[in-house]
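Student: I would like to go through the assignments in this model and ask what each one rests on.
Tutor: Go ahead; each value can be set against its cut-off.

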Amino acid sequence: MGAGLPAMAVGQALNLPALRPSSQASQLPQKVQSQVGAMADSVPLKRLVTRLLILVLAMFAFGFALVPIYDVMCKAFGINGKTAGQYEGEQMVDPSRQVRVQFLSTNAIDMVWEFHSEADEIVVNPGAVNEMLFVAYNPTDKPMTAQAIPSISPAEAAMYFHKTECFCFTQQVLQPGERIEMPVRFIVDRAMPKDVKHLTLAYTLFDITARQPPVAVRTGG
């Protein structure tokens, strides 16, 4: 054989086995690459999980603080005057004046109850005791606790709106599927400026079950 023959021809002439790359040597880079790829994929996944956990905790804390935040906002910006506390005095009725009182009911974030007043508005005389029923219904399969926060607009009329009884004075607990009627009794003060002829009483209903867990009522034997 001449020295100039290709290496493959020399090997065939000498009946030598063909050289093949080691299977372990060929697989090693693939394993390393797969491990590196898995590590690279796990880093963004861990970051995503961490961010989601932080978001969930932040949402829970925000929902937990909604009631006090609402109270502070009303005081700071005068957005809808907070109504006065429970009123126990008596007033003479002024039949010569009429005031239209509108009722609004709103659910806060994550509150799933049905909540509304029996009428949208009524016309009252200053000094007279009036009543309106609000209806609440818990459509879930678990007991829940709620707190209603009232407000009055225009804000300057809030000091003349007196509640003698209100479901907002206490927390409301409803069992699964329970429906209740909640009264509010109020008096529009005779001292309210005569140019105020329209009031809006609004309630926002908050879910405070996480803060005040209700006790489930057992039925049957």
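Tutor: A disulfide here is a pair of cysteine sulfur atoms within 2.5 Å. Keep in mind that the model is predicted.

Student: What makes C166 and C168 a disulfide?
Tutor: Their sulfur atoms are 2.4 Å apart, and the cut-off is 2.5 Å, so the pair qualifies. By this rule the count comes to one disulfide.

Student: Why is the disulfide of C166 and C168 called right-handed?
Tutor: The torsion about the S-S bond is about 130 degrees, and therefore the disulfide of C166 and C168 is right-handed.

Student: How do you know whether C166 and C168 are buried or exposed?
Tutor: Buried means under 20% relative accessible area. C166 has 6% and C168 has 10%, so both are buried.

Student: Why is N138 counted as buried?
Tutor: Its relative accessibility is 0%, and the limit is under 20%, so N138 counts as buried. N138 lies in the loop between β4 and β5.

Student: What makes the link between the side chains of N138 and T140 a polar contact?
Tutor: The distance is 2.7 Å, and a polar contact needs N or O atoms within 3.5 Å, one able to donate a hydrogen and the other to accept it. The side chain of N138 also reaches the backbone oxygen of L174, at 3.2 Å. Leaving aside neighbours within four places in sequence, the contacts of N138 include W113, P143, L174 and E178.

Student: Which residues touch the most other members of the largest nonpolar core?
Tutor: F134, F167 and Y203 do, in a core of 33 residues. Among the elements that give two or more residues to this core are β1 (99-107), β4 (129-137) and β9 (198-207). β8 gives the most, with five residues.

Student: What is F167 in contact with, leaving aside its neighbours within four places in sequence?
Tutor: F167 is in contact with F115, F134, A148, Q172, M182, P183, V184 and Y203.

Student: Why are β3 and β7 called edge strands?
Tutor: The open sheet of five strands has the order β3-β1-β9-β5-β7, with mixed pairing. β3 (121-124) and β7 (172-174) each pair on one side only. Neighbouring strands of this sheet are turned by 30 degrees against each other on average, direction ignored.

Key
Residues numbered from 1 in each chain as written. Predicted model: local features only at pLDDT ≥ 70, side-chain atom pairs only at ≥ 80, totals over all residues. Heavy atoms only, no water. Core = buried A, V, L, I, M, F, W, Y, C linked by side-chain atoms within 4.5 Å. Buried < 20%, exposed > 50% of the residue type's maximum accessible area, 1.4 Å probe, protein only. Helix = DSSP H or I, 4+ residues; strand = E, 2+ residues; numbered from the N terminus. Contact = heavy atoms within 4.5 Å. Pairing = 2+ DSSP bridges. Axes fitted to C-alpha atoms, helices over the stretch in contact; angles between N-to-C directions.
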